[in-house]
Amino acid sequence: MGSISEFFQHLMNGLTLGGIYALIALGYTMVYGILKFINFAHGDILMFGAYIGLFVFNFLRGDSPLGTWTFISFFIAMLISMIVTGALGVAIERIAYKPLRKASRLAPLLSAIGVSFILSNGAAWMWGTQSRKLEYPFDNAPFTVGGVVITPHQVMILIVSLIMMLALIIFVNNTRMGKAMRAVSLDQDTSRLMGINVNSVISLTFAIGSALAASGGMLIALDFKVYPSMGMMIGLKAFVAAVVGGIGNIGGAMLGGILLGLLETFGVAILGIPPAMKDTISFGILILVLLVKPEGLLGKAVREKV
Amino acid sequence: MKPLLNIEDISVNYGAIKALKNVSMSVNKGHIVSLIGANGAGKSTLLKAIVGLEPLIGGSITYGDITLATDNIRKSIRTENIAKLGISLVPEGRHVFTDMSVEENLDMGAFLVRDDALIKRKKEEMYDFFPILGERRRQKTRSLSGGEQQMMAIARALMSSPKLLLLDEPGLGLAPLIVQDIFEKIAYINKTENITVFLVEQNAKMALKASTEGYVMENGRIVLSGSSEKLLKSKEVQEAYLGA
Ligand SMILES: Nc1ncnc2c1ncn2[C@@H]1O[C@H](COP(=O)(O)OP(=O)(O)OP(=O)(O)O)[C@@H](O)[C@H]1O
Ligand SMILES: [Mg+2]
């Protein structure tokens with residue numbers, strides 16, 4: 001294998017990992033942008049989404065062999081999982097965070113940690129702690145393009161995460177509610193003066209963030225199975241990605257996610273960091289960014305004109 | 001004739017601080033009414049009370065036949081429903097959406113206008129009225145100058161075609177020429193669009209010259225009121241606010 005194709009191999013692996021990080025990081029950053037609070041239950045919401053996706057997929061697929069129906073049912077399952085998980089995110093906000101909006105900044109954070117435990121313990125209680133396999137909805141035999149080994153799963157991750165990110169970018173920049181969401185994240189009282197219902201916008205934010213997490217959860221479950229604590233490490237990494245990119249900044253979450261995926265992959269492959277130490281790469285980068293540019297790569301140091 | 005905005009005996013507290021103490025005043029339809037007072041007098045608090053950003057502990061505010069606020073928060077109109085009634089506030093310090101372009105700020109001002117053609121027309125109107133905004137329409141408002149941001153905030157407030165425009169110190173921190181320009185524009189809007197204006201200012205001279213009636217606030221109380229012409233000439237106002 002030549003070094004060029006080796007480079008592209010790592011690039012491919014890094015981009016797919018990064019695409020998933022980005023999908024999940026968006027939920028952290030969007031919620032932070034509006035409520036200035038870290039939803040520590042986001043990783044568990046992702047896990048929940050993976051379970052819903054798994055159940056719906058298995059139900060729809062039944063005994064069907066690989067083929068068109070199996071493939072389609074995977075995406076129907078993803079859609080349903082996104083809707084249900086989005087609703088779960090909205091419900092969590094209404095029940096566990098909204099009543100604490102005027103409390104100290106620590107209160108919703110603690111509540112989020114509580115929700116995180118309730119979701120992961122609840123999943124273990126309802127569905128058991130054993131990990132379940134989410135089957136590939138296609139033959140995942142890798143193919144080779146110019147010396148680069150690519151799996152259909154990787155292609156799906158790239159396509160799905162790209163579509164979701166593009167859709168989100170179009171939504172926040174070109175739609176009335178998307179712009180309202182940005183306005184609310186900039187100035188809540190002034191947004192209310194424009195007639196924007198801040199509560200609806202917050203609900204919408206949780207719905208979108210949780211739905212994106214559900215899709216990310218399903219994509220990652222194909223490789224790493226579904227189990228109650230599956231959201232912990234990936235959730236934490238995505239959080240790091242959001243902070244590295246500039247928490248509160250949507251483009252930053254995308255950039256941070258992809259960057260983290262690439263750095264983890266290239267770190268292991270080129271710098272020879274032992275795979276067991278892979279997770280430390282993210283946190284090393286986090287510390288570095290916090291030291292050099294605490295507001296994150298695309299974050300703005302807040303300064304208002306008076 | 002019944003006033004468009006009627007404020008009756010309202011009081012507002014911030015914890016132990018009594019910011020407004022039994023304030024009464026009214027704004028007639030089609031008029032420009034000014035409220036002047038020094039730093040910390042309670043002027044912004046009064047505007048916030050009108051739009052539901054600060055709760056009353058007593059008194060009431062009515063807008064035509066609608067009760068905007070009473071000491072019962074459940075019976076008061078929530079801030080997000082104020083714009084629907086035709087009331088726009090240009091807040092102190094402008095509060096433009098800094099990370100959004102001029103055009104997007106105008107879109108937000110028209111959030112409740114569900115007619116794209118009308119929004120487009122209103123935007124063009126604003127660009128005609130404030131040419132500098134037209135030139136900067138794609139620029140983030142963070143990079144606008146203070147005066148441009150003030151025009152941005154006023155244009156945004158006008159996008160919903162309000163009946164009542166509340167302005168909180170539109171001249172704050174701006175060069176005299178720009179203040180004059182802004183005040184002329186306010187008078188023009190009032191005349192041509194028949195928009196009632198309630199103008200809060202520290203710049204007593206400018207405000208009283210621009211308005212028909214005026215109120216003077218000190219320490220949360222109205223201490224003087226009357227026709228602006230009379231107030232301008234009164235000894236109290238001249239000594240306290242015009243440095244005579
Ligand atoms: N959020 C708040 N919490 C506590 N006190 C407040 C708050 N907002 C205003 N105050 C106090 O209430 C009083 C009235 O303030 P307000 O902002 O209404 O004054 P103002 O007349 O608008 O002054 P300025 O001309 O400086 O804007 C002041 O003593 C101020 O310190
Ligand atoms: Mg003020």
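Analyst: In this predicted model, helix H1 (residues 3–35) of chain A and helix H9 (residues 231–245) of chain A have axes that come within 8 Å and cross at roughly 70°. Because angles of 65 to 115 degrees count as roughly perpendicular (under 35 is roughly parallel, over 145 roughly antiparallel, the rest oblique), H1(A) is roughly perpendicular to H9(A). Axes are lines fitted to C-alpha atoms, for helices over the stretch in contact, with angles from 0 to 180 degrees between N-to-C directions; helices (H or I, at least four residues) and strands (E, at least two) are DSSP runs numbered from the N terminus.

In this contact (heavy atoms within 4.5 Å), residues of H1(A) including Ile20(A), Tyr21(A) and Tyr28(A) meet residues of H9(A), among them Leu236(A), Lys237(A) and Phe239(A). The residues of the contact divide into 11 nonpolar, 2 polar and 1 charged, where Ala, Val, Leu, Ile, Met, Phe, Trp, Tyr, Cys and Pro count as nonpolar, Asp, Glu, Lys and Arg as charged, and the others, Gly among them, as polar.

A polar side-chain atom of Glu169(B) lies 2.7 Å from an oxygen atom of ligand 1, while a backbone N or O atom of Gly42(B) lies 2.9 Å from an oxygen atom of ligand 1.

Residues are numbered from 1 along each chain as its sequence is written, and chains are lettered from A and ligands numbered from 1 in the order written. Local features need pLDDT of at least 70, side-chain atom pairs count only at pLDDT 80 or more, and totals for chains, interfaces and linings use all residues, while side-chain values use heavy atoms, leaving out hydrogens and water.

How values were computed:
A polar contact is a pair of N or O atoms within 3.5 Å; within protein, one must be able to donate a hydrogen and the other to accept it, and residues adjacent in sequence count only if both atoms are side-chain atoms.
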